[in-house]
Amino acid sequence: MDYLFRHSSDLDHYTAEAFTLRCFDDRFWKAFKNFLKEQGYRYIDPESVAGGAKILSSPEKESDRDFMLREIEKSIQLHHTQKVLLFTHYDCGAYGGLDRFAGDQEKQFTFHQQELEKAKTVVQDAFPELIVETYFIDKEGVAKMG
């Protein structure tokens, strides 16, 4: 093969330490990545979709939620995942951004707390054996919720 990029990949099977669900907004990628590294996560099953945990708490279509629950199920089946980390973030366009809250950051934060709690409940109802943690990312870093 004519490789454009060479990198040796470890093909050993792994156990996912967590299934992670975050928004694909690149502004918060480094905070997310460095948070996981600092917490000691080496093997994750990552998902990135518009709004992150929104796909579970307030999906545009019910089939979106069903899709993500199937992804979690596959992570459990294939990689023996026992923990799910759910993320939302500051000024998320999928939620209407900060404009939705007329610039009120406290209203935005409270809203995201509620959304993350709804998403957590959806996952726990579907997979009661899983540990589910929720997080909010802003310009200062990652805050644990609930």
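Ala 102 is exposed, with a relative accessible area of 73%; exposed here means over 50% relative accessible area, buried under 20%, and partly exposed in between, with a 1.4 Å probe and protein chains only. Ala 102 also has a positive phi of about 50 degrees, although it is not a glycine. This residue is placed in the loop between E3 and H4, where the labels denote DSSP runs numbered from the N terminus, helices being H or I with at least four residues and strands being E with at least two. The loop between E3 and H4 also holds Asp 91. Asp 91 is likewise not a glycine and has a positive phi of about 55 degrees. Its relative accessible area of 26% makes Asp 91 partly exposed.

A word on the source. This is a predicted model, in which local features need pLDDT of at least 70 and side-chain atom pairs count only at pLDDT 80 or more, while totals for chains, interfaces and linings use all residues. Residues are numbered from 1 along each chain as its sequence is written, and side-chain values use heavy atoms, with hydrogens and water left out.

I turn to the strands. Strand E1 (residues 18-22) pairs with E3 in the parallel sense over 3 bridges, where pairing requires that DSSP finds at least two bridges between two strands. Within that pairing, Thr 20 stands opposite Leu 85 in E3. E1 also pairs with E2 in the parallel sense, over 5 bridges, and here Leu 21 stands opposite Glu 47 in E2. E3 is joined to strand E4 (residues 131-138) by 7 bridges, and these two strands run parallel. Phe 87 has Tyr 135 as its bridge partner in E4.

Two crossovers follow. E1, H1 and E2 make a right-handed β-α-β unit, and so named because, with the strands pointing away from the viewer, the path from the first strand over the helix to the second runs clockwise. E3, helix H4 (residues 105-126) and E4 make a right-handed β-α-β unit as well.

Which faces of these strands are covered? In a regular strand the side chains alternate between the two faces of the sheet. Strand E2 (residues 44-48) has a covered face, formed by Asp 45 and Glu 47, and an uncovered one, formed by Ile 44, Pro 46 and Ser 48. E3 is mostly covered, with 7 of its 7 residues buried. Lys 83, Leu 85, Phe 87 and His 89 point one way from E3, Val 84, Leu 86 and Thr 88 point the other way, and all are buried.

Next, the cores. A nonpolar core is a set of buried Ala, Val, Leu, Ile, Met, Phe, Trp, Tyr and Cys residues joined through side-chain atoms within 4.5 Å. The largest has 21 residues, of which Leu 21, Leu 56, Ile 72, Val 84, Leu 86, Val 123 and Leu 130 touch the most other members. At least two residues of this core come from each of E1, helix H2 (54-57), helix H3 (62-79), E3, H4 and E4. Leaving aside neighbours within four places in sequence, Ile 72 is in contact (heavy atoms within 4.5 Å) with Phe 19, Val 84, Val 123, Phe 127 and Leu 130. A second, separate core of 10 residues includes Phe 28, Leu 85, Phe 87 and Tyr 135.

Finally, the aromatic residues. A pair of aromatic rings is described by the distance of the centres and the angle of the planes. How many aromatic pairs does the structure hold? There are 9 aromatic pairs, counted when the ring centres of Phe, Tyr and Trp (its six-membered ring) lie within 6.5 Å; planes under 30 degrees apart are stacked, over 60 edge-to-face, and the rest tilted. Trp 29 and Phe 32 form a tilted pair, 5.9 Å centre to centre with 35 degrees between the planes. Both lie in helix H1 (residues 29-38), 3 residues apart, about one turn of the helix. Trp 29 is partly exposed at 36% relative accessible area, whereas Phe 32 is buried at 2%. Phe 35 and Phe 87 form an edge-to-face pair, 6.1 Å centre to centre with 80 degrees between the planes. That pair links distant parts of the chain, with Phe 35 in helix H1 and Phe 87 in strand E3 (residues 83-89), 52 residues apart. Trp 29, Phe 32, Phe 35, Phe 87 and Tyr 135 form one aromatic cluster.
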